[in-house]
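Hi everyone, thanks for coming. Have a look at the structure on the screen, and I'll talk you through a few parts of it.

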Amino acid sequence: MVSLVLTNVPDSGGLIFARVVASDAAGNTNVSDRTFRLRDVAPLVLESLTPLPDSTAVALASPIVATFGKAVDTNSVHPGSFKVTRGGVVAAGEFYFANSNRVVAWLPAASLVIGAEYTVMLSAE
């Protein structure tokens with residue numbers, strides 16, 4: 001049996017390649033290469049959101065942009081996890097990604113309503 005102890009493993013996960021070489025007293029040698037995939041356990045941190053909360057005088061067709069500290073899994077962003085509402089009604093729009101998927105932006109399908117208050121909800125669904 002061979003034990004492998006990993007230290008200083010990054011929270012962001014990744015791949016680790018290991019080569020195990022075993023020899024016996026008779027000089028027989030066996031080499032085994034293995035690849036281990038480590039899970040990403042670092043939390044996703046929102047670094048910025050534009051426009052800022054309680055902003056006024058925002059262009060009616062401007063995107064809502066969320067910037068994160070690391071890449072976002074694009075499959076996790078959908079209307080249930082990034083929602084823009086006005087009076088409880090979901091506003092139509094589409095998502096796009098930038099900066100190696102660290103930036104998620106929502107672009108309204110039509111100009112937003114002048115003087116209306118919108119709520120942006122981000123969740124980890």
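When I say contact, I mean heavy atoms within 4.5 Å. This is a predicted model, where local features need pLDDT of at least 70, side-chain atom pairs count only at pLDDT 80 or more, and totals for chains, interfaces and linings use all residues. Residues are numbered from 1 along each chain as its sequence is written, and side-chain values use heavy atoms, with hydrogens and water left out.

So, what is Ile64 in contact with, leaving aside its neighbours within four places in sequence? Among others, Leu49, Phe82, Val84, Trp106 and Val120.

Ile64 also belongs to the largest nonpolar core, which has twelve residues, including Leu49, Phe82, Val84 and Trp106. A core here is a set of buried Ala, Val, Leu, Ile, Met, Phe, Trp, Tyr and Cys residues joined through side-chain atoms within 4.5 Å; buried is under 20% relative accessible area, exposed is over 50%, and partly exposed is in between (1.4 Å probe, protein chains only). Strands E4 (64-68), E5 (82-86) and E8 (103-108) each supply at least two of the core residues. E4 gives the largest share, three residues. Strands, by the way, are DSSP runs of at least two residues, numbered from the N terminus.

Now back to Val120. You'll find Val120 in strand E9, residues 119-122, and Val120 is partly exposed, at 31% relative accessible area.

E9 sits in an open sheet of three strands, ordered E6-E5-E9 with antiparallel pairing. Pairing needs at least two DSSP bridges between two strands. E5 and E9 are joined by four, and one links Thr85 to Thr119.
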